[in-house]
Amino acid sequence: MVKYLYIYGDSFLHKLDPRTKIIMTLSLFVPSMLLKTQIHILVIMILLLWFLAAITKLTPVLAKVRLVFLIVSLTSIVSWTIFGSRNELLWWIIYKEPLGMGVSAALRSILAISASLVVLLGATRNEEIAAGFVKLGIPYRGAFAFSSALRMAPVLIGVVQTVIAAQKSRGLDVDSGSFLDRLRKYIPLLAPAFLLTMRQTDQFSQAIESKGYGYPVVKRSSYLDLKLKSGDYLWIFISIVIIVGSIITNAYQCCAVFTLLE
Amino acid sequence: MKEVFTMWKYPKMVSLVALAAALYAAVLIPFKSFQIMPGIDIRIGTALVPALGIFFGPAGAWGAAIGNLIGDFFGTVGIGSIFGFLGNFFFAYAAYKIWYSGKDNFPITNTPAKVGKYMVSSLFGTLSLIAILCFGLSAIVASLPYKVLPPILIFTNGIPPLVLGAPLISLFAKRLDKWNLTFNNIMEPGDFTLKKKTNLLGLVFVLVGALLSIAAGLYMGHVRGVDVGVKLLASSGPPLLLYFIGLALMGIDAEEFRKIQSKEEDAE
């Protein structure tokens with residue numbers, strides 16, 4: 001189970017401003033949404049991203065989710081091949097359009113996941129992500145709740161695992177019985193996890209109030225002082241090129257290898 | 001829908017957002033392995049989502065949305081995560097709106113009528129999730145054909161809250177009320193859109209909007225053979241507007257707050 005994705009390092013990706021990395025990630029989401037028929041462009045982008053991961057020593061973060069890549073690819077290809085609209089028969093039950101959509105959906109998912117893991121999550125600490133969101137205009141309170149939850153989630157996963165181990169040691173067997181019986185056996189697992197978490201609410205709200213959370217502050221100061229450098233501007237420019245290029249490629253259907261059945 | 005924004009001024013509500021999100025993410029990740037068939041697993045964590053909405057109102061909805069995003073952060077974040085965020089937000093928010101749109105709203109499931117009310121709230125929440133997620137994943141992102149998703153989502157995200165939600169609410173209700181952690185113990189009536197005469201109309205709009213969106217997507221896929229593109233967008237998108245109008249037409253009963261306040265006065 002993956003609990004932490006950040007990898008310590010001093011590569012150029014680690015040193016970039018979190019705002020730049022958020023923009024880069026979002027810019028890579030654009031081709032993953034728009035380039036449905038340009039399979040070879042997607043492959044090139046994925047390979048470039050993986051090369052970036054290799055030179056910044058972030059490949060372990062991709063290795064952690066290799067099973068996800070496999071499942072996403074299989075699900076996409078099988079679902080589209082069986083259920084997708086079809087026109088041109090290639091062989092047996094394989095049609096060109098659904099197969100193309102399946103491969104494209106798999107590649108687009110791999111591109112988006114790789115982008116978020118390599119550019120953002122593997123090379124950016126949680127507090128930097130939150131600070132980046134605030135600087136990009138996300139309201140402070142929302143960003144605070146998000147970063148607090150992000151920090152607490154791995155701790156709570158530990159709590160949930162302890163609850164599971166404790167209940168199993170008392171004889172709870174979630175693997176036997178009918179479907180509904182098995183499902184109902186999760187109540188003794190969910191209930192303690194829920195109450196153990198919610199019991200912390202008062203302490204947590206008192207802690208944030210004691211740090212001046214309730215006061216209407218015009219401008220908040222932050223321990224992290226974010227400043228864009230020349231390298232950041234270069235990567236933001238590259239991100240804009242990726243976005244504009246994807247929109248143009250999609251609009252004119254350049255380099256398409258199959259036709260969308262619309 | 002103003003409570004979605006006014007809640008952020010209460011530190012306790014912000015704490016509930018963070019804790020609900022962390023809990024949802026923490027439950028989603030270890031319980032991902034309950035398989036009903038190879039490759040398709042039941043998301044046990046979704047059992048918590050309607051309960052989060054019913055107990056914590058808007059904080060529960062934000063918590064479910066952020067929690068799902070954080071769950072995605074542990075390996076599967078992508079463009080679809082945006083729709084996962086929105087879908088889970090309205091999964092909890094619709095359950096909260098439906099639960100509090102009528103009378104006798106104390107969040108407990110100790111009578112058959114209350115269990116029935118919970119089932120209806122949970123079903124509305126699930127429908128919201130399916131309509132929004134299928135629209136996003138198929139019509140916009142084109143990750144999977146539309147016709148594949150609704151049947152899978154009914155199993156993976158619809159069954160756990162129906163089976164587990166009512167017992168969980170029954171277990172937690174009195175304790176959370178005693179700890180003053182339900183949203184109507186924390187927020188003021190003025191923070192909400194209060195009950196209107198349009199509640200029933202809103203309910204109908206929500207139901208019809210979500211069902212029409214799903215039906216249109218399924219029709220386009222099964223009958224017209226359209227799995228992606230503008231036609232799918234144009235058929236399953238507009239009914240969602242009806243759904244959102246429906247939610248906006250619904251308000252919460254001010255009596256709920258009066259009961260809480262009189263309870264506090266009695267305690268004093």
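Colleague: Hi! Which residues does A:Ser104 touch, leaving out those up to four places away in sequence?
Modeller: Hello! A:Ser104 touches A:Leu35, A:Lys36, A:Ile39, A:Leu42 and A:Phe258, once residues up to four places away in sequence are left out. Bear in mind that this is a predicted model.

Colleague: Thanks. And where in chain A is the place of A:Ser104?
Modeller: A:Ser104 lies in helix H6 of chain A, which covers residues 96-121.

Colleague: Is A:Ser104 buried or exposed?
Modeller: A:Ser104 counts as buried, because its relative accessibility is 0% and the cut-off for buried is under 20%.

Colleague: Let's switch to chain B. How many helices and strands are there in chain B?
Modeller: Chain B has twelve helices and two strands. Along the sequence the order is α-α-β-β-α-α-α-α-α-α-α-α-α-α.

Colleague: What is the radius of gyration of chain B?
Modeller: For chain B the value is 18 Å. That agrees with a compact globule, because one of 268 residues would have a radius of gyration near 18 Å. The C-alpha trace of chain B spans about 65 × 40 × 35 Å along its principal axes.

Colleague: What share of the residues of chain B count as buried?
Modeller: Of its 268 residues, 66% count as buried. As for the surface, chain B exposes about 9,000 Å², and carbon and sulfur atoms supply 69% of that.

Colleague: What about contacts in chain B with a separation of 6 or more: what percentage comes from residues 24 or more positions apart?
Modeller: Those residues account for 79% of such contacts.

Colleague: Last one: how far apart are the mean positions of the positive and negative charges of chain B?
Modeller: They are 7 Å apart, with 21 positive and 15 negative charges in chain B.

Definitions and conventions
Residues numbered from 1 in each chain as written. Chains lettered and ligands numbered in written order. Predicted model: local features only at pLDDT ≥ 70, side-chain atom pairs only at ≥ 80, totals over all residues. Heavy atoms only, no water. Helix = DSSP H or I, 4+ residues; strand = E, 2+ residues; numbered from the N terminus. Rg over C-alpha atoms; globule rule 2.2 N^0.38 Å. Buried < 20%, exposed > 50% of the residue type's maximum accessible area, 1.4 Å probe, protein only. Contact = heavy atoms within 4.5 Å. Areas by Shrake-Rupley, 256 points an atom, 1.4 Å probe, with all protein chains shown as cover. Lys, Arg positive; Asp, Glu negative; His and termini not counted. Charge placed at Lys NZ, Arg CZ, Asp CG, Glu CD.
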